[in-house]
Amino acid sequence: MTSTSTPPGLARFNALEEHAASTALREACASTAWADRLLAARPYATAEDLYGASDAATAELTDRDLDEAMAGHPPIGRPRPGDPTSAREQRGMAGASEELKAQILELNLAYQERFGHVFLICATGRTGEQMRDAVKERIGHSPEQEREIVRTELGKINRIRLARLVEEDA
């Protein structure tokens, strides 16, 4: 492969029929606007082009689009049954004590009551304690501050999921 050729995983993504590509993108991020924007910019020459398009689309999400994206994420400590993506991303909670799980549940509920949406954090590589500490810190933010943090965290999650999408073997 030369440095100017498109990596195989990205080439597969670029070649997907629109519905299949849309489905794959919506599995990465539940926002229709985000997925549509990424679809419209295909084909991508490099993974970095795709990630850049994702960052730009995430930055331009309206409040409604951001709500739609967050609705696709389960609460920390409660990955959806049969959802290997959320289970993998929340691996740091897998061995958590019952006490820590109870703390996370209580904090999740308080956060959701305060902000009206799920606590969103890029959980990949974080321990249960780190996630607990993050929600404790963030619950004191203003809604405006928290909205921008959520947008940043969503962007990190989207990049990780897109990398998995375009780097996976056929």
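First, the ground rules. This is a predicted model, where local features need pLDDT of at least 70 and side-chain atom pairs count only at pLDDT 80 or more, while totals for chains, interfaces and linings use all residues. Residues are numbered from 1 along each chain as its sequence is written, and side-chain values use heavy atoms, with hydrogens and water left out.

Now the core. By nonpolar core I mean a set of buried Ala, Val, Leu, Ile, Met, Phe, Trp, Tyr and Cys residues joined through side-chain atoms within 4.5 Å. Buried is under 20% relative accessible area, exposed is over 50%, and partly exposed is in between, with a 1.4 Å probe and protein chains only. The largest such core has 44 residues. Those with the most contacts inside it are Phe13, Leu25, Trp34, Leu38, Leu50, Ile76 and Leu162. Helices here are DSSP runs of H or I, at least four residues, numbered from the N terminus. H1, H2, H3, H4, H5, H7, H8 and H9 each supply at least two core residues. H9, residues 143-167, gives the largest share, seven residues.

Take Ile76. Contact means heavy atoms within 4.5 Å. Leaving out residues up to four places away in sequence, Ile76 touches Gln90, Met93, Ile104, Asn108, Phe119, Ile121, Ala123 and Met131.

Next, the helix pair. The axes of H7 and H9, lines fitted to C-alpha atoms over the stretch in contact, come within 11 Å. They cross at roughly 115 degrees, on a scale from 0 to 180 degrees between N-to-C directions. H7 brings Tyr111, Arg114 and Phe115; H9 brings Pro143, Glu146 and Val150.

On to Thr58. Thr58 is in helix H4. Is Thr58 buried or exposed? Buried, at 3% relative accessible area. Beyond four places in sequence, Thr58 touches Trp34, Arg151, Leu154, Gly155 and Asn158. A polar contact of 3.4 Å joins the side chains of Thr58 and Trp34. That term means N or O atoms within 3.5 Å; within protein, one must be able to donate a hydrogen and the other to accept it, and residues adjacent in sequence count only if both atoms are side-chain atoms.

Last, the cysteines. How many disulfides are there? Zero, taking a disulfide as two cysteine sulfur atoms within 2.5 Å. For Cys29, the nearest cysteine sulfur is that of Cys122, 13 Å away. Cys29 is buried at 0% relative accessible area. Cys122 also counts as buried, at 9%.
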